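Here is a short tour of the structure below, written for someone who likes to look at side chains. Keep the view open as you read.

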Amino acid sequence: MSLVIKKRGTTINSGKAAGAIALLSSLSLLAGCATATTPETPTSSAANNSGSASALDCSAETVSIQTWNVGASGAEDPMNAVAENYIAATGNLVEVNSVNVEVFRSQLPTYVSSNNPPDGLKWLAGSTSRGFAEEGLLLDVSDVWSEHMADFPAGLKALSTDSTGKQYFIPTNYYWWAVFYRPSVFEENGYSVPTTWDDFVGLAQQMESDGLTPIAIGTSGAEWVATAWFDYLNLRINGAQFHRELLEGKHSFNGPEVREVFEKFAEIQPYFDPNSAGQEWQAGLQPLYNKQAGMTLMGGFLPIPEEMANDIDFFAFPTIDPSIPRVEEAPTDGFFASANTDSPECTKEFFAYLATAEAQLKFIENSGAQIAANPSVPDDYYSELTRKGRDHLAGAADITQFYDRDSSQEFATPANAANARFIAQGEAALEEILSEWQAAAERVLAEQGN
């Protein structure tokens, strides 16, 4: 889907003014959020210097922005509304092109290294973005940070900084992962929200006895959904430090720690939807929506049908080892630019706008349950469920991204395949799965010179 917007001459409506929130802290990426009560109306950094006009006149050239979507083909991309506001306020031109996330993922290395790349690219904070930066493939946007993002949390700045101390990433929004369920199903069947692993497995057993599919899931074309289960089991059993080291290749995927993860994985594996491998992740959610399944592990981006907007809730992935601090996944999205862009200054001018509360509000309004990276977004823009998700992350001892963000793409591919296969085939295939996973990891490390 491609959009070129050329409206000019109007000003941005700053939206509702409400209590500004101070999200996040420098202790970790998202942990320890505090709440402020001083009313504040969001304003545009890109428009502040000269009323409704941009500080830099980029009306003679068009900045191209390549984004991705996880919805149906042709779904409206939230960047369209962001671009429309920017163009209306500044007279600068932006072209938006959106493709399916899996297409984008496969094309990303080409986008970044091309001699004629898109000017700006939507992607994910984490290892892949940092890897591009370390290779010198991304535009230095340190001046955007110093001039327009001084109030952003230190944790987000660290996430956007390479080993030389330069910033290369503009975070726009993040979300939480948790176990989602329909409260009406729990009430109708007398279920209680589990907090421990034993209670969780026991609940799955009871759901199966009651004729429900305990865990809704679809991994066709989206094997990362399966890897979320490995991530959380590993975090609950081995903790955040081991988790990060494993994803850096410092431990064996055939070692005792990973085998312990799969011991617990095997306890819940019989309760996954047996059709997982044959349905896409959106289709895998339908049994939950239809009250045919009891739970699903998913990010806060899951689409919620309007008719069940007040009948969806979540709980934290259950505790396995009480001595392990609760760690949560909070993937963070944003934008970077290829170092080969023909319009570096105009791209950075648009990035300065992307960092504003107005722009990030448009992501929230048009993309569902997302939490803005800008800490001055008013609290009342968030739904009750999203505020709960924000607070869920605030109470975590540490925050990680996600397997395919905290590791390289090359490292993530065999992980996704291994975990999806285990959900589909179970313990009978475990030895082959772990052997192949470790062999693939060793090949990747050898190719990387490690």
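Predicted model: local features only at pLDDT ≥ 70, side-chain atom pairs only at ≥ 80, totals over all residues.

**Helix H7**

H7 covers residues 197–209, which makes 13 residues. From its first C-alpha to its last it reaches 19 Å, close to the 18 Å expected at 1.5 Å a residue. Which residues of H7 are buried? They are Trp197, Phe200, Val201, Leu203, Ala204 and Met207. These residues sit on the same side of H7 because they cover an arc of only 155 degrees around the axis. Just after H7 comes glycine 211, with a positive phi of about 90 degrees.

**The nonpolar cores**

Ile268 belongs to the largest nonpolar core, a set of 88 residues. Along with Trp177, Trp229 and Phe265, Ile268 is among those with the most contacts inside this core. Helix H8 (residues 224–247) gives the most to the core, with 12 residues. Two domains take part, each giving at least three residues: domain 1 (55–174 + 332–376) and domain 2 (177–329 + 390–449).

There is also a second, separate core, which has 49 residues, including Leu108, Tyr111, Met149 and Ala359.

**The disulfide**

How many disulfides does the model contain? The count comes to one. Cysteine 58 and cysteine 346 form this disulfide, with their sulfur atoms 2.0 Å apart. The pair ties together parts that are 288 residues apart in sequence, because cysteine 58 lies in the loop between strand E3 (39–40) and strand E4 (62–69), while cysteine 346 lies in helix H12 (residues 344–354). The torsion about the S-S bond is about -95 degrees, so the disulfide is left-handed.

Are the two cysteines buried or exposed? The table gives the answer for each partner.

| Cysteine | Relative accessible area | State |
|---|---|---|
| Cysteine 58 | 2% | buried |
| Cysteine 346 | 6% | buried |

Key. Residues numbered from 1 in each chain as written. Heavy atoms only, no water. Core = buried A, V, L, I, M, F, W, Y, C linked by side-chain atoms within 4.5 Å. Buried < 20%, exposed > 50% of the residue type's maximum accessible area, 1.4 Å probe, protein only. Helix = DSSP H or I, 4+ residues; strand = E, 2+ residues; numbered from the N terminus. Domains from an automatic or database assignment. Expected span 1.5 Å × (residues − 1). Arc of directions from axis to C-beta. Disulfide = S-S within 2.5 Å.
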